[in-house]
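Dear colleague,

I am handing over the structure below, and my notes on it follow. Please read them with the coordinates open.

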Amino acid sequence: MNEGLWSRLSAEARAEVDGLVAAGRTVQAIVVMRERAGLPQPELRDCVDLLAQRFTALQEQATTPGD
């Protein structure tokens with residue numbers, strides 16, 4: 001995962017990004033990443049990469065049986 005960008009986001013921003021990704025609101029998720037990551041502002045390419053990684057991670061969580 002793009003740990004650099006993900007780690008720059010607060011826990012609240014991460015939860016918001018995941019919620020937006022789960023809802024299919026990808027543009028809004030990228031806006032949150034760019035606004036909340038601080039300076040220097042992440043490049044669009046990095047946000048798109050992280051978006052794809054979060055989508056995959058959320059899909060895996062949804063298909064993995066609980067403990």
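A polar contact, as I use the term, is a pair of N or O atoms within 3.5 Å; within protein, one of the two must be able to donate a hydrogen and the other to accept it, and residues adjacent in sequence count only if both atoms are side-chain atoms. This is a predicted model, in which local features need pLDDT of at least 70 and side-chain atom pairs count only at pLDDT 80 or more, while totals for chains, interfaces and linings use all residues. Residues are numbered from 1 along each chain as its sequence is written, and side-chain values use heavy atoms, with hydrogens and water left out.

By that definition, the side chains of Arg54 and Asp18 are joined by a polar contact of 2.8 Å. Arg54 sits in helix α4 (residues 44–63), whereas Asp18 belongs to helix α2; helices here are DSSP runs (H or I, at least four residues), numbered from the N terminus. Arg54 has a relative accessible area of 7% and is therefore buried, and Asp18, at 16%, is buried as well, where buried means under 20% relative accessible area, exposed over 50% and partly exposed in between (1.4 Å probe, protein chains only). Setting aside neighbours within four places in sequence, Asp18 is in contact (heavy atoms within 4.5 Å) with Trp6, Arg54 and Leu58.

The axes of α2 (residues 11–22) and α4 come within 10 Å and cross at roughly 75°, which makes α2 roughly perpendicular to α4. Axes are lines fitted to C-alpha atoms, for helices over the stretch in contact, with angles running from 0 to 180 degrees between N-to-C directions; angles under 35 degrees count as roughly parallel, over 145 as roughly antiparallel, 65 to 115 as roughly perpendicular and the rest as oblique. From α2, Asp18, Val21 and Ala22 meet Leu51, Arg54, Phe55 and Leu58 of α4. The residues of this contact divide into 5 nonpolar, no polar and 2 charged, with Ala, Val, Leu, Ile, Met, Phe, Trp, Tyr, Cys and Pro counted as nonpolar, Asp, Glu, Lys and Arg as charged, and the others, Gly among them, as polar.

Not counting residues up to four places away in sequence, Leu5 touches Met33, Ala37, Pro42, Asp46, Cys47 and Leu50. Ile30, in helix α3 (residues 26–36), is buried at a relative accessible area of 13%, and, with the neighbours within four places left aside, Ile30 is in contact with Leu44, Cys47, Val48 and Leu51.

Two loops deserve a look. Pro40 lies in the loop between α3 and α4, and the peptide bond from Leu39 to Pro40 is cis, with omega near 0°; most peptide bonds are trans. Ser10 is in the loop between α1 and α2 and counts as partly exposed at 39% relative accessibility, while a polar atom of the Ser10 side chain lies 3.1 Å from the backbone nitrogen of Ala13.
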